[in-house]
Structures are given as C-alpha cells and as structure tokens.
Amino acid sequence: MHNSTIASVATLAQINFIDLFAGLGGFHQALNACGGECVFASEINPDLATLYQKNYGVEVHGDIRQTDASEIPDHDILCAGFPCQPFSKAGDQKGLQCPQWGDLIDYVIAILREKKPRFFIIENVPNLVRHDGGKTWKTICERLRRQGYDVDYAKLSPHMFGVPQKRERAFIVGDRTGLKGFEWPRPDRNVHLSISTVLEDDPQDALYLSESHVNYLSTWQEFIAAFPKEIDLPSFPIWAMEFGADYPTAGKSPREMGYMGMEEYKGAFGTPLRGLNPEQTEEELPGYARTNLAEFPSWKVDFIEKNRNFYSLHKSIIDPWIEKIKSFPPSFQKLEWNIKGGERDLWKHVIQFRASGIRIKRAETAPSLIAMTTSQVPIIGWERRYMTPRECSRLQSLDIPFLPSTKNGAYKAFGNAVNVEVVKRIAAALLKRDDTTATTVQAVAAE
C-alpha cells in the first residue's frame with residue numbers, strides 16, 4: 001500500500017510492515033500481534049535469517065546494503081532496530097562514522113524516501129540520543145524530517161509494562177501525516193515484578209555455577225554477613241583492592257609518574273611498595289590504577305577514597321576476611337551490593353558477573369540482557385544457576401518455537417533483540433488515533 005493515508009488504513013489486519021535488522025523477530029511478533037503482516041524482512045546473520053524463516057514462515061533477505069530499495073514491497077510501517085555498537089557506551093562510540101555499522105541509518109532513510117510508508121518505529125540504545133553531545137541524534141532526526149515525517153522519541157524499558165527486565169532503550173516513531181494525538185504508552189501502575197514469573201521449574205538445560213564461582217560468591221557472602229545490621233553496607237562499588245592501600249590518587253597518575261617515588265606508599269591490599277623497582281611497583285597496584293591517563297578521573301578517585309574510608313572504619317571486621325579474596329581474579333575482587341535495606345543473603349537475589357565486578361540485584365527484575373558477552377547472563381542466586389535461553393526469551397517477551405542452536409548464540413541474540421511487549425504498546429499507541437482502527441488496536445493493547 002504505497003503512500004498510505006488515514007483513509008486507506010481500514011483495519012490493522014490490512015497493515016503491512018517490513019522488519020529490518022530482524023534478528024529474532026521482536027518487531028515481527030509485536031506487529032503481527034496487532035494483526036499486521038510482514039511483507040519483507042532483512043537480517044545479515046545467516047543463522048538468524050534461517051531461524052526467522054523457520055519461526056515465521058517469511059523469506060529473509062540478507063544484508064540490507066545489498067538490497068535495492070525500489071525492490072522492497074510497499075508497506076505501511078517500517079520497523080528497524082539497527083546495530084547499536086557505534087552508539088553504545090560499551091562500544092567504540094564511532095557513531096555515524098563507524099565503518100562497519102555507522103551508515104546503516106542511510107539505508108533506512110533510503111527506503112523511507114523510496115517507499116514512503118506512513119509510519120516508522122526505530123529502536124536503539126539510549127546513548128544514541130546523547131552520542132557526540134547530541135549531534136548524532138539531531139542529525140538523524142533532521143534527516144527523518146526531511147523525508148516528510150513528524151518525529152518523536154522516548155526512552156522505555158520492559159519493566160514499565162510488567163516484564164521483569166530493566167532495559168531502557170530509545171524508540172523513535174514517525175508519521176507522515178503528523179503525530180497529533182499520539183501519546184507514548186504509560187507505565188503500568190501497581191504491577192508486582194518478580195523474575196520468578198519467567199523462570200522454569202528445574203530446567204534440564206540449566207548451566208549451574210562452577211565450584212570456583214560458588215567459592216567467590218560464598219566468600220563475599222561471608223563479608224556481607226560479618227557486618228552488624230546497624231552498619232550500612234556500601235551503596236558504592238566495593239573495591240577490596242583498596243582495603244589497606246594508600247598510593248597517591250591526586251595529581252599525576254602512577255604511570256605518568258613512571259611508578260617512581262612511591263616507596264612510602266602501599267599498593268593493592270596494603271602491599272608495601274618500599275624497595276620495589278618501577279615494574280614491580282606497577283604489578284602491586286590494582287589494574288584500574290595503571291591507567292594511561294595523566295590523571296585519575298574524579299569518579300575513580302571518589303570510589304577509591306570511599307573504599308579506603310570504609311576500610312578505616314571497619315578494619316577489625318574486614319582484616320580477618322581479606323586474605324580469602326586476594327587470589328581471586330580482579331573482577332571478582334569487586335562487589336556492587338544493590339540491595340539497600342534488603343536481606344543480606346546474596347543467594348536470595350539475582351547475580352551478574354561483570355567486568356566491573358559482581359553485581360547483586362533484587363529478584364524483582366533481571367538486569368539488561370546484553371549481546372557483547374555471554375558471561376553476564378543473569379544468575380538465579382537461590383538456584384545457583386544461570387538463566388536458560390528460554391527464560392531469557394521471556395525477558396524479551398518473545399514466544400517463538402525455535403531458538404538459536406547454541407547457548408552462546410541464543411544469549412547474544414536475546415541481547416540484541418527488541419522487546420515485544422514494549423513495541424506492541426508503541427504500535428498500539430501510534431495506530432489507535434485513527435477512528436477506523438481504534439477498536440481493533442485498543443483490544444490488542446488490552447490483551
């Protein structure tokens with residue numbers, strides 16, 4: 001339906017959409033649940049493309065950069081969740097200049113220019129809005145408006161709509177006839193969130209924690225349990241390497257100093273630096289203190305000082321425990337206790353292993369699924385296991401019969417996926433402004 005108008009959108013069942021960078025088909029499920037029909041899908045990953053066709057019965061085209069926009073079928077809604085690596089805080093942030101992915105928005109805009117669908121829904125990481133001081137976002141919006149669209153955006157997360165995952169994403173919507181009357185979906189009120197709602201009973205494919213990982217966590221549990229209830233556990237990241245350390249953090253960084261003149265100080269865990277040569281001094285400092293920067297950033301100095309002060313106040317509690325953690329890998333020598341006021345038993349919460357340390361979160365929601373590493377899959381503390389791929393699919397509101405064949409492939413795909421429930425709410429809000437579609441859309445949104 002080329003050049004769709006309000007009058008031509010009679011029912012949602014007559015809405016055609018295309019699914020770019022389709023992945024596991026989050027957009028597909030959301031629009032299909034609204035009665036829409038997918039007339040074109042594109043996915044560069046051959047395994048995901050095969051899986052998409054298997055799940056939805058839709059032929060999938062490969063790299064969108066190899067597709068002529070004029071050959072794409074006419075459609076009413078363009079859906080795109082183009083790769084986020086160029087804009088993510090965890091990536092290189094090369095943005096539109098990223099040689100691998102930065103130009104993909106060009107192909108989206110080329111399709112909008114050629115096919116002129118009435119609507120579009122685009123998803124990306126929240127940092128897209130802030131990237132390059134907001135210049136990237138401003139450029140993208142201006143280019144979309146030049147194609148004749150009224151444009152708006154919002155940051156939404158599944159947990160706002162009853163799904164137990166905190167995963168904020170930026171969504172951009174456009175309408176060639178204007179967005180008058182459009183309102184972003186409002187968060188559900190009084191919804192009790194619990195990660196237990198997506199868990200399986202005794203899943204056969206569950207991966208349980210190794211003996212060494214259980215030891216890391218048990219050792220930190222000893223730390224947590226050692227503090228009387230009247231003593232608040234730190235809300236800042238706990239860096240055990242700073243317990244006993246006093247190397248200088250003001251002025252030049254140790255590397256900038258050439259690791260010279262530090263004989264009077266102590267390194268990680270209070271190791272004396274006296275008598276050590278520069279190479280040995282470097283080895284005795286925490287990894288994050290070996291920065292190439294000329295000075296420590298203020299946030300790092302703040303964390304270091306808070307940890308040193310905490311140690312000074314509670315040295316008698318920490319010293320009997322500290323030897324147990326010295327041999328741990330650096331990332332397991334850090335703990336983020338995000339359970340202020342909660343039960344001081346990490347095995348009753350959700351755990352995540354991160355490069356920045358072990359993170360403990362309440363069992364209300366899972367942390368954001370990410371695609372860059374499989375080591376950060378949420379851990380169900382009370383079962384001492386990682387979430388299964390099927391459970392992670394539920395965090396993205398995906399209900400598909402076939403999942404990627406490997407756990408690593410599945411976790412990565414879920415980290416890249418768009419959340420079905422969030423998109424479903426957006427699509428309903430975008431389309432229900434037409435009287436002719438209101439009854440159908442409102443019924444779908446209420447399901």
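**View 1. Ser42 sits in strand β2.** S42 is found in strand β2, residues 37–42. Strands (E, at least two residues) and helices (H or I, at least four) are DSSP runs, numbered from the N terminus. This is a predicted model: local features need pLDDT of at least 70, side-chain atom pairs count only at pLDDT 80 or more, and totals for chains, interfaces and linings use all residues. Residues are numbered from 1 along each chain as its sequence is written, and side-chain values use heavy atoms, with hydrogens and water left out. S42 counts as buried because its relative accessibility is 2%. Buried means under 20% relative accessible area, exposed over 50%, and partly exposed in between (1.4 Å probe, protein chains only). Leaving aside residues up to four places away in sequence, S42 touches D19, L20, F21, A22, V60, H61, G62, D63 and I64. Contact means heavy atoms within 4.5 Å.

**View 2. Seven strands form an open sheet.** The order is β3-β2-β1-β4-β5-β7-β6, with mixed pairing. Two strands pair if DSSP finds at least two bridges between them. β3 (60–61) and β6 (150–156) stand at the edges; each has a single partner strand, so one side of each is left without a neighbour in the sheet. β4 (residues 77–80) and β5 (residues 119–124) pair in the parallel sense over four bridges. L78 has F120 as its bridge partner in β5. Helix α3 (residues 104–115) packs on this sheet and touches β1 (16–20), β4 and β5. The direction of α3 makes about 175° with that of β4. Axes are lines fitted to C-alpha atoms, for helices over the stretch in contact, and angles run from 0 to 180 degrees between N-to-C directions.

**View 3. Strand β4 and its partner β1.** β1 and β4 run parallel, joined by four bridges. L20 stands opposite A80 in β4. In a regular strand the side chains alternate between the two faces of the sheet. In β4, I77 and C79 point one way, L78 and A80 the other, and all are buried.

**View 4. Six strands form an open sheet.** Here the order is β8-β9-β11-β10-β12-β13, and pairing is mixed. The edge strands, β8 (238–239) and β13 (385–386), each pair on one side only. β10 (residues 350–354) and β11 (residues 357–361) run antiparallel, joined by five bridges. F353 has I358 as its bridge partner in β11. Helix α6 (residues 211–226) packs on the sheet, touching β8, β9 (334–338), β10 and β11. The direction of α6 makes about 60° with that of β9.

**View 5. The largest nonpolar core.** A nonpolar core is a set of buried Ala, Val, Leu, Ile, Met, Phe, Trp, Tyr and Cys residues joined through side-chain atoms within 4.5 Å. Of the 105 residues in the largest one, W220, F223 and F243 touch the most other members. Helix α12 (residues 420–431) gives the most to this core, with eight residues. Residues up to four places away in sequence aside, the contacts of F243 include F223, I238, F269, F310 and W321. A second, separate core of 26 residues includes F21, F82, I109 and L112.

**View 6. Helix α9 has a buried face.** In α9 (residues 315–322), the buried residues are I318, W321 and I322. Seen down the axis, they fall within an arc of 100°, so they line one face of the helix. The arc is that of the directions from the helix axis to the C-beta atoms. These buried residues pack against α6 and α8 (298–313). Exposed S316 and P320 lie on the face of α9 turned away from its buried side.
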